[in-house]
Amino acid sequence: MFAFMYFSVMKIAFHTLGCKLNYSETSFILKDFQNEGMKITNFFEEADIYVINTCSVTENADKECNQIVKKVKKINPQSIVVIMGCYAQLKPEKISKIKGVNLVIGSNEKFKLKKYIKEYIETKKNIIKVSNIKSIEKFNSAYSSEERTRSFLKIQDGCNYKCTFCTIPLARGKSRSNSINDIINDIKKLKKENVKEIVLTGVNIGDFGKKGNENFYSLLKEINKIENIRIRISSIEPNLLSNDIINLIADSKTIVPHFHIPLQSGSDTILKLMRRRYLTKNYSNLIKTIKNKMPHACIGADVMVGFPGETIDLFNETVDFIKSLEISYLHVFSYSERQNTTAINFKNIVPIKERKIRSKILRNLSNKKKNLFYINNLNSIRPALIEKNNKNNYLYGFTDNYIKVEIPYDHNLENNIINIDIKKINGNGFVNGNVINNI
Ligand code: SF4
């Protein structure tokens, strides 16, 4: 009892590494502590409890955790330190040995963080709670809500695919989803809270709804009936983006014309080694189908350079393939070795230095693609959601097709969707235009 009274006056700080899915989960878990009356402070300010929600994709995750723990222990040597999430799931023993770490909490257990912290306060004994991720069937829902303009809504978790470079299935387990009913209720709730845009997130969201008759298309059909909210799809595997989904989005007033479709490589040899479920022909046909239906659509792609076996000729195949595609930007990653993946045993390793060179080449190509996409949108009128963030008397936001806009500050435009007549590309990665009217 005494411990719990003390608990409610403590200060807690959260730090998230990795993707928006992780971010939405931190945001959701944090509410548990707010409801208890706890004060949430900024990370690297003085707090009684520091929680780091880790990622398995982050390079040098253990080094990063070490550094963060050292920093927070300097701020408050008496603080309780929690490492949770994907990396904690993969390496619990290693993390528990980091000096100053008190709790190591796995991917499924992190949703019971409050309980474990209370347990630690009572017993003062370090805790490691990590269950066998393969046996997890339960879906834990989550959405972010600190930022009022946009919310990241988790609809799916885990992945059943076996891409040879990926640790996500090991860290997050089997594919599982929320129900359509619950998702629609979450969207309606967020809409009432004045959120203007919701980004559907997950690990492999195209694989949504394995049980019953629910699938990603049937979810989108229901979402499409909701008016006056913008829905964005975070990322979808190319083999799961069907013509039905594309047609639905093309005619939708709710789901925006922005696709993020992982490509990973433009060489069929490498795609096969990666055990991806498509070939370059399928990918280019998909891009053509989208662009035929929605010439204004923004299409982003993840690409990985330096995968084992990627000779310079195969890399050049990727460069040429991307040049031939009407895509709008790239997220470029360098391959990095991960324990317990199939690819770690592959031969023909690409030297790190060469991975960096290839990464730079693709980043430059991405800038060119983005610029061209912006040029193609000049003199068009697009609805932009303006964020609540006055920076030097300017406001920023994104159009439906993911063009970043800058407009002079006007309090009335914050957290509103307004029509922008796109007039000029600003050298800083956004466009300027005229505000037409409020929608
Ligand atoms: S689709 Fe492949 S890369 Fe994506 S999470 Fe699943 S296994 Fe990893």
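This is a predicted model: local features need pLDDT of at least 70, side-chain atom pairs count only at pLDDT 80 or more; totals for chains, interfaces and linings use all residues.

The text below describes the domains and then a helix contact.

| Domain | Residues |
|---|---|
| Domain 1 | 2–131 |
| Domain 2 | 139–256 |
| Domain 3 | 381–438 |

The centres of domain 2 and domain 3, taken over C-alpha atoms, are separated by 26 Å, and the contact takes 9 residues from domain 2 and 13 residues from domain 3. Between them, domain 2 and domain 3 bury about 870 Å², and 48% of that area lies on carbon and sulfur atoms. On the side of domain 2, the residues that lose the most area to domain 3 are Thr149, Lys196 and Arg230, which together account for 57% of what that side buries.

We now turn to the helices. Two packed helices are described by the angle between their axes and the distance between the axes. The axes of helix H10, which covers residues 243–250, and helix H12, which covers residues 280–293, come within 10 Å and cross at roughly 25 degrees. Angles under 35 degrees count as roughly parallel, and H10 and H12 are therefore roughly parallel to each other. The crossing of H10 and H12 is right-handed.

Which residues of H10 and H12 meet? From H10 come Asn243, Ile246, Asn247 and Ala250, and these meet Leu286, Thr289, Ile290 and Lys293 in H12.

Methods: Residues are numbered from 1 along each chain as its sequence is written. Side-chain values use heavy atoms; hydrogens and water are left out. Axes are lines fitted to C-alpha atoms, for helices over the stretch in contact, and angles run from 0 to 180 degrees between N-to-C directions. Helices (H or I, at least four residues) and strands (E, at least two) are DSSP runs, numbered from the N terminus. Angles under 35 degrees count as roughly parallel, over 145 as roughly antiparallel, 65 to 115 as roughly perpendicular and the rest as oblique. A crossing is left-handed if the near helix is turned anticlockwise from the far one by less than a right angle, and right-handed if clockwise. Contact means heavy atoms within 4.5 Å. Domain bounds come from an automatic or database domain assignment. Buried area is the accessible area (1.4 Å probe) that two parts lose on being put together, summed over both.
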